[in-house]
Amino acid sequence: MKKEDMHMEHEKMEMEHGEMNHSMKEHEHPMHDHSGGHGMTGMDHSMHMGNFKQKFWLSLILATPIIFLSPMMGVDLPFQFTFPGSDWLVLVLATVLFFYGGKPFLSGAKMELEQRAPAMMTLISMGITVAYLYSLYAFAMNHLYPHNHIMDFFWELATLIVIMLLGHWLEMNAISNAGDALDKMAALLPDTVKRLSANGEEEVSINEVQEKDHLIIRSGDKIPADGKIISGATSVDESMVTGESKMVMKHKGDTIIGGAINGSGTIEIEVTGVGESGYLSKVMQLVQQAQSDKSKLESLSDKVARWLFYIALAVGIGAFLLWLLLTGDLSMAFERMVTVFIIACPHALGLAIPLVIARSTSIGARHGLLIKNRNAMEQTENLRYILLDKTGTLTEGKFTVTGLDVFDSAYNEDEVLKYIGALEANANHPLALGIMNYIEAKQIEPYKVEELQSLSGIGLIGQINNKQVKIVNEKEVNRLNLDVEATRKESYLQQGNTLSYLIIDNQLVALIALGDKIKPQAKAFITELKKQEIIPVMLTGDNQTAAASVADYLGITEFYSELLPENKEEKVKKYLAKNEKVMMVGDGINDAPSLARATIGVAIGAGTDVAIESADIVLADSDPIDILRFLDLAKQTRKKMIQNLWWGAGYNILAIPLAAGILAPIGFILNPAIGAVLMSLSTIIVASNAMTLRIKGE
């Protein structure tokens, strides 16, 4: 697949979904959030955190003179003052502030209304637009008829815009999405490749590769495109692409996947997939579609804002008609309607969620939890299933020596390792790295090797201490008719281990087994999930035998093996189809579509950039136990969100009918100044409440 194609596809995706994102994973991302809702959804997708910071500070500069020169809902505060022409200065500053600071809200409202889903942006836009337009009307009338003063709302306009920008900046600062999974996926492929032509071998850009081209891939190279081997044999590390945790042997006629890493052999391939037909491109399309679907998740604050918008609109219009009918005074009826719309401005509501998120992400970071999509915190309620990728999540995700059996009594284990280390010391494939890490941990110094050669698709051979020494795979052992007791290798094979054999002067001396070790804390994690009545489901690209062994040890009853990326995503869809909430935990490229599709995607920090950018939550320490900490943090965060939403919306629920004049029959009409005090009080309460968020161990 061509990198150019990937980037073009990503740009096409962003155009299709518009410049505005309904979710922080937007990602939409990318990915992403891929990125979730901000609680202030609909913000301009191109506006990154730095722009919000700049917009907030410039808006604050514009708003400060307005706050000092303009009364708060008709009441002059002790610190306020005026001078000849100050009302003109307020008008100019308010106009600039409305169009500059209010632009993201107006743009967001436009998108929400186009999608027939009014929410926070629409509610804010209604407030600032009514405040600005009515204030223009009041300014004109006050200059035309000075004896009949009409209250303006420039003060409310300025404070609402500044507070809303602050809230969004706080949330963007807490939840930053600096990467792009689709770009990360493109980066898996090399920039240049070795292509065979009539003139011999030539180095060309990967973007020039076409189907049917013949490419040379040497030991340790990234495989640049999907293809079929036409010459040579090798082992291939596909773990980051397919999830298969052991090296896969490939021979003439076998297919290979772009993005995998070639092992010890040199091969010639015929390209079978580039651009949209390539494997990685198909994975990217799965991620893109999953993110698009997932972006429809709605945040609690957007739901509350939607209802407040409808309520304020209905009550405001109703108040206008009723007052006009009862009094015949158009000016009074108009003022009541405008007051309702201004009172509905969600000052406290706009800060209710961002302040909790800022506190929550700070706590999470201290515990190795990087929260990229705050909607994930809300979605943990009634979580039923956690789907866990085996490799890298429940297991270490890297080859380690799991066993060493010496067949020849003439050699001890240390000596065997010296021979093996001599051959593997300069190799760069995963098996060799696992072996050398093991030897280094034992502080063993390998022998010196001479005439080292690679045996394509077989192993390595060299001269050590005047002996011919080879380390080979099982296929070569069988070809040489060297006998190995079945009982000595069966348990290793059942656990999905890869076996290599040491042969010295044509005598079978030892076998060394490498496998993916189960993380020591994984079993306790699974046990605790069950206590919380959450069902763990294991997904893996490994074979059935290896998968069953791990599942049985951990106590997992539901598991699926030999899965490709699309298979994993289908499993996520299967559980989602039960109307259950699903968390997916993984670390590989093959997990990216599933992470994007699941209700909550959790990436292991030691995994690939692609998986991390596809997820809502990242476990920085790669410790599955941290998922339990996240669940606790999410529970406490959700509780604070609901409390703050009640405090924030409670002000509106109380003030809107009072502003409409519901108690007018008994002689009480809400004084705008009292409404402003209540608004300030609710804002202080939600800010203080957010700071009391705690989890176990804090």
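In which helix does Thr122 lie?

Modeller: Happy to. The model is predicted, so to speak of local features pLDDT must be at least 70, and side-chain atom pairs count only at pLDDT 80 or more, while totals for chains, interfaces and linings use all residues. Numbering runs from 1 along each chain as its sequence is written, and side-chain values use heavy atoms, with hydrogens and water left out.

Thr122 belongs to helix α5, residues 120–144 (helices are DSSP runs of H or I with at least four residues, strands runs of E with at least two, numbered from the N terminus). Thr122 is buried, at a relative accessible area of 5% (buried is under 20%, exposed over 50%, partly exposed in between, with a 1.4 Å probe and protein chains only). Setting aside residues up to four places away in sequence, Thr122 touches Ala109, Glu112, Leu113 and Phe309 (contact means heavy atoms within 4.5 Å). With Ala109, 13 residues away along the chain, the C-alpha separation is 4.3 Å.

Moving on to a helix pair, α10 (residues 300–327) and α24 have axes that come within 10 Å and cross at roughly 5 degrees (axes are lines fitted to C-alpha atoms, for helices over the stretch in contact, with angles from 0 to 180 degrees between N-to-C directions). The two helices α10 and α24 are therefore roughly parallel (under 35 degrees; over 145 is roughly antiparallel, 65 to 115 roughly perpendicular, the rest oblique). On the α10 side the contact includes Leu300, Val304, Leu308 and Trp323, and on the α24 side Ile642, Leu645 and Ile656. By class, the contact of α10 with α24 has 12 nonpolar, 2 polar and no charged residues (Ala, Val, Leu, Ile, Met, Phe, Trp, Tyr, Cys and Pro are nonpolar, Asp, Glu, Lys and Arg charged, the others, Gly among them, polar).

UniProt, in an unreviewed entry, places the feature "transmembrane region" at several spans, including 121–141, 153–170 and 307–326; such annotations may be inferred rather than shown by experiment. Residues 307–326 are 100% helix and 0% strand, with end C-alpha atoms 28 Å apart. For 153–170, the chain is 94% helix and 0% strand, and the ends are 26 Å apart.

Finally, the largest nonpolar core has 106 residues, and Leu157 and Phe630 are among those with the most contacts inside it (a core joins buried Ala, Val, Leu, Ile, Met, Phe, Trp, Tyr and Cys through side-chain atoms within 4.5 Å). Helix α24, residues 625–660, gives the most to this core, with 15 residues.
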